[in-house]
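Please keep the structure in view while reading.

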Amino acid sequence: MPPRAEFAEPEFTVDLLVPDSALVIAAHPDDAEFDCGATLAKWAAAGTIVHHFICTDGSKGTWDTNCDQAELVQTRQGEQRAAAAALGATGEVRFGGHIDGELDSDLSSRAQVAQVIRELRPAVVLGHDPWKRYRLHPDHRHAGLLAVEGVVAARDPFFFPEQDLPPHRPDELLLFEADEPDHAENAEGWTAAKTTALLCHRSQFVTTHDITDPDDAAQVQRFADWVDAVAVASGQPAGLAYAELFKRIKNL
């Protein structure tokens with residue numbers, strides 16, 4: 001029998017220098033808060049201009065078959081703006097307007113993301129890892145591809161010259177939901193801000209927060225405890241008490 005292969009634990013970098021500006025590209029309202037809310041709150045408090053770009057309209061984010069979807073879209077946009085404010089974000093909150101569940105990483109969508117990057121000129125872009133294995137939701141995969149491919153298009157001048165915008169090359173790309181993270185942002189002291197922002201997404205209490213009664217303090221506390229527990233578990237491989245984990249791509 002051949003000897004068992006030894007696999008080294010991944011080495012983590014910890015905490016980027018606080019960027020001047022950051023853009024999170026998320027599939028749906030609430031994805032940014034779930035996946036990097038503590039990091040965004042920490043950076044915003046340190047002076048980072050934090051921007052959000054939400055690819056879809058969130059119109060399928062309910063289990064209520066009698067829901068007015070047009071009304072839900074407006075509700076979720078308001079919730080996203082409130083969540084960004086709760087994180088302390090002072091940048092723009094933009095919406096791509098793609099129908100929930102029908103996002104595609106096609107050329108026109110890539111152009112849309114490249115234009116946002118060129119206009120907002122973030123030092124750091126954050127997005128879904130499009131290569132996560134066994135991912136069920138196509139919007140997360142396509143939003144991740146748009147973040148990666150949008151960075152490439154935004155940096156090179158011969159992509160989408162009709163935009164008449166100067167190219168922009170971010171310094172760093174952080175991908176959340178990664179199978180093989182190698183960067184940790186210390187989240188100690190920031191999970192409360194993350195929880196507050198997530199609780200702005202009241203339309204999602206039943207579907208994602210497991211809160212059936214928003215007036216039940218025990219259910220709300222259970223959700224807050226879960227946010228803390230995820231951050232604690234994420235911190236362990238990086239030697240931190242609390243963390244959010246990313247795949248870090250440099251040399252863009």
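## Aromatic cluster

One aromatic cluster is formed by F34, F223 and W226. The model examined here is predicted.

Where do F223 and W226 lie? Both belong to helix α7 (residues 217-235), where three residues, about one turn of the helix, separate them. An α-helix has 3.6 residues a turn, so residues three or four places apart point the same way. F223 is buried, with a relative accessible area of 3%, whereas W226, at 44% relative accessibility, counts as partly exposed.

## Aromatic pairs in the whole structure

How many aromatic pairs does a search of the whole structure find? The search finds four. In the pair F159 and F160, the ring centres are 6.2 Å apart and the planes stand at 50°, so this pair is tilted. An angle under 30 degrees would count as stacked and one over 60 as edge-to-face.

F159 counts as partly exposed, at 30% relative accessibility. F160, at 11% relative accessibility, counts as buried.

## Helix α1

Helix α1 (residues 31-45) has 15 residues. At 1.5 Å a residue, α1 should span 21 Å, and the 20 Å between its end C-alpha atoms agrees with this. The helix also has a kink of about 80°, centred on G37. Just after α1, G47 adopts a positive phi of about 110°.

Is α1 largely enclosed or exposed? Of its 15 residues, 14 are buried, so α1 is largely enclosed by the rest of the structure.

## Cysteines

A disulfide is a covalent bond between the sulfur atoms of two cysteines. A search of the whole structure finds zero disulfides. C55 counts as buried, at 1% relative accessibility.

C67 is likewise in no disulfide, and the nearest cysteine sulfur, that of C200, is 19 Å away. With a relative accessible area of 25%, C67 is partly exposed.

Key:
Residues are numbered from 1 along each chain as its sequence is written. This is a predicted model: local features need pLDDT of at least 70, side-chain atom pairs count only at pLDDT 80 or more; totals for chains, interfaces and linings use all residues. Side-chain values use heavy atoms; hydrogens and water are left out. Rings of Phe, Tyr and Trp (its six-membered ring) pair if their centres lie within 6.5 Å; planes under 30 degrees apart count as stacked, over 60 as edge-to-face and the rest as tilted. Buried means under 20% relative accessible area, exposed over 50%, partly exposed in between (1.4 Å probe, protein chains only). Helices (H or I, at least four residues) and strands (E, at least two) are DSSP runs, numbered from the N terminus. The expected span of a helix is 1.5 Å times one less than its number of residues. The bend at a residue is the angle between axes fitted to the seven residues ending there and the seven starting there. A disulfide is a pair of cysteine sulfur atoms within 2.5 Å.
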